Amino acid sequence: ERVPDARLLLVGAAGSRFDLDARLASLELPAGALIREPHVDEGRFDALMAACDVVVSLRAPTMGETSGSVVRALSLGKPLVVSDLGWFAELPDDVAFKAPVDALEVERLAAELLLGQEDARTAMGSAARELVAREHGLDRVADLYAAALEEAAGGPSVRESVLSQVAAAAGEVGIEPGSDEAAELAGRLREARIGE
């Protein structure tokens, strides 16, 4: 079903080997149905995305990369329509409709753009914000970066060495295995992410 006031917003540069203007002309869209903005700066991009009801980010083929645009859309609480492959396929179903990349793709997209489904869009938007807070929050991402750097720098070897030195020092001062002091020490090591 076509929503009369629906407008399409197409943002971004076209590939050099694809004649986007010719393709758009061949669609014979009604006048004013498409707003086309080539390359825009980040501030304009965020403002345009914030004005959308639904964000469509189709990418096939993909190399499995995470999409910065999709994470931005999730941060804005926008429901998504994405290609069902690569990283996009891993998105929870409650934040994104995943279009199969096959002969039925266009048909499924036309049926699932969510334009007339305000309740579904609202629920997906809430789930999107929760996902970003849980998985892409600054503290979590910083911890993941730190863990990756620690692993690259020999994290397991360093942890083993620290644990060995702490155990030796505890023995020297008379802390017995199974004692309250040993339990407290183990708790502190877990807090420091050494005794995990």
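A residue is called buried at under 20% relative accessible area, exposed at over 50% and partly exposed in between, using a 1.4 Å probe and protein chains only. The model is predicted, so local features need pLDDT of at least 70 and side-chain atom pairs pLDDT 80 or more, while totals for chains, interfaces and linings use all residues. Residues are numbered from 1 along each chain as its sequence is written, and side-chain values use heavy atoms, leaving out hydrogens and water.

Please select Trp87 and Phe88. Trp87 is buried, with 12% relative accessibility, and Phe88 is buried at 0%. The two form the one aromatic pair found in a search of the whole structure. Their ring centres lie 5.6 Å apart with planes at 65°, so the pair is edge-to-face (centres within 6.5 Å, planes over 60 degrees apart, the six-membered ring being used for Trp).

Next, select Lys98 in strand β5, residues 96-99 (a DSSP run of E, at least two residues, numbered from the N terminus). Lys98 is also buried, at 14% relative accessibility. Its side chain makes a polar contact of 2.5 Å with the side chain of Asp93 (N or O atoms within 3.5 Å, one able to donate a hydrogen and the other to accept it). The Lys98 side chain also reaches the backbone oxygen of Leu91 at 2.5 Å. Among the residues that Lys98 touches are Phe88, Val82 and Asp84 (heavy atoms within 4.5 Å).

Finally, display Val71, Leu74 and Ser75 of helix α3, which meet Ala128, Arg129, Leu131 and Val132 of helix α5 (helices are DSSP runs of H or I, at least four residues).

Notes. Rings of Phe, Tyr and Trp (its six-membered ring) pair if their centres lie within 6.5 Å; planes under 30 degrees apart count as stacked, over 60 as edge-to-face and the rest as tilted. Lists of a residue's contacts leave out its neighbours within four places in sequence.
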